[in-house]
Amino acid sequence: MARALINVPPRAKKGDIIEIRTLISHPMETGYRAGFNGSLIPRDIIRSFVCLYNDIEVFRAEFSPAVAANPFISFHTMATESGKLTFRWTGDKDFDVTETQEIVVE
Amino acid sequence: MIFRVCLAVLAILTASQLQAGEIAPEQRRSAYDTMSAGTRAMQDDDMANPATLWVLDGEALWSQPAGATQKSCADCHGDAKISMKGRAARYPQFDATTGGVVDLEQQINYCRRERQKATPLAFESHELLALSAWVSLQSRGARIEASTDPAAQKAIEAGRRLFTERRGQLNLSCAQCHDDNWGRSLAGATIPQGHPNGYPLYRLEWQSLGSMRRRLRNCLSGMRAELWPQDAPEYDDLEIYLMSRASSLTMESPAVRP
């Protein structure tokens with residue numbers, strides 16, 4: 001199973017701009033490399049990443065084969081209310097990982 | 001006065017242990033020092049260092065029962081943060097029972113085979129790298145001390161010989177790059193002094209964590225030399241020599257390298 005690491009400040013003041021960082025284990029196989037017998041290694045990449053803040057989409061990224069293995073993403077959003085951040089990575093070979101984090105906004 | 005005489009004697013002693021061309025202790029530098037700011041930032045922040053993904057798997061494996069005994073590493077060693085503190089800075093070691101050099105990965109596999117009665121983990125497998133990353137992390141910041149074990153000196157000498165011998169189609173020795181030309185450029189890379197203080201480490205070129213042995217095989221094929229088999233004692237000798245050559249540097253495992 002893919003391991004994901006998420007860094008969200010556990011507390012923030014309403015209106016604060018917060019930084020969110022994620023790291024996930026994934027080979028990001030480009031589909032352009034040849035294996036030992038000369039045949040192409042099939043593409044196996046994460047294709048999309050979405051972050052929902054209390055079910056509202058606040059960030060989305062589309063991935064290409066040029067993205068390195070174990071992708072690290074850092075982005076900002078505004079702390080609006082306490083609740084749940086949902087992170088979802090989907091890609092080739094039915095890759096589908098969802099993680100959640102709580103945030104307290106005062 | 002006496003103090004100064006002592007210092008002078010000490011300087012002579014240390015100098016006499018160094019051989020021509022070897023890097024003096026005060027000139028020893030980790031490859032970290034010549035990395036780009038971006039790569040350093042990656043290593044400095046565990047959240048951005050992809051090696052953390054292996055560390056977390058290693059931490060989980062540490063308390064997972066395995067083998068016929070159904071014992072976990074934690075059952076015998078307890079909290080790794082205490083029991084494994086500073087240990088990786090003293091590997092490889094000379095092992096009296098086998099009469100050979102044992103590196104950290106081999107020691108972990110020894111515990112698996114003999115103490116857990118489990119099948120040893122494959123060389124360079126995700127699980128072995130994860131465990132070795134988790135154990136090595138407990139030595140971050142620890143100072144490397146050259147082994148004073150008299151039994152280890154023969155292996156260190158053998159490693160030194162391998163390091164200074166020319167080999168491969170390019171007819172180069174390790175020392176020609178890492179002792180004589182460190183700090184200069186080789187194609188796009190800065191030649192580092194070649195220290196083992198960050199292993200296992202995440203190499204951007206590999207897109208993965210890798211062991212010291214993988215690095216050595218990498219340099220050997222760069223020299224267009226024939227690779228020794230995966231379990232050849234030559235690697236053990238080189239590894240134990242490299243640790244003695246790196247004494248006084250601090251451990252960075254698991255580091256990041258370009």
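Predicted model: local features only at pLDDT ≥ 70, side-chain atom pairs only at ≥ 80, totals over all residues.
Let's begin with the aromatic rings. A search of the whole structure turns up 8 aromatic pairs over all chains. One of them joins F49(A) and F87(A), whose rings are stacked, with 6.4 Å from centre to centre and 20° between the planes. F49(A) belongs to strand β4 (residues 46–53) of chain A and F87(A) to strand β7 (residues 83–91) of chain A, so the pair ties together parts that are 38 residues apart in sequence. F49(A) is buried, at 0% relative accessible area, and F87(A) is buried as well, at 0%. Both belong to one aromatic cluster, together with F59(A), F75(A) and W89(A).

Over in chain B, have a look at W206(B). The charged end of R203(B) sits over its ring, 5.4 Å from the centre, and R214(B) lies over the face of W206(B) at 4.3 Å from the ring centre.

In chain A, R60(A) and E57(A) meet at 3.0 Å, N to O; R60(A) is partly exposed at 44% relative accessible area, and E57(A) is partly exposed at 41%.

In chain B, R245(B) bridges to D179(B), with the closest N and O atoms 2.8 Å apart. This pair links distant parts of the chain, 66 residues apart: R245(B) is in helix α11 (residues 233–245), while D179(B) is in the loop between α9 (174–178) and β3 (185–186). R245(B) is buried, at 6% relative accessible area, and D179(B) counts as buried at 8%. Finally, a network of salt bridges links D103(B), R213(B), D236(B) and E239(B).

How values were computed: Residues numbered from 1 in each chain as written. Chains lettered and ligands numbered in written order. Heavy atoms only, no water. Phe/Tyr/Trp six-rings, centres within 6.5 Å; stacked < 30°, edge-to-face > 60°. Helix = DSSP H or I, 4+ residues; strand = E, 2+ residues; numbered from the N terminus. Buried < 20%, exposed > 50% of the residue type's maximum accessible area, 1.4 Å probe, protein only. Lys NZ or Arg CZ within 6 Å of the ring centre and 35° of its normal. Salt bridge = Lys/Arg side-chain N within 4 Å of Asp/Glu carboxyl O.
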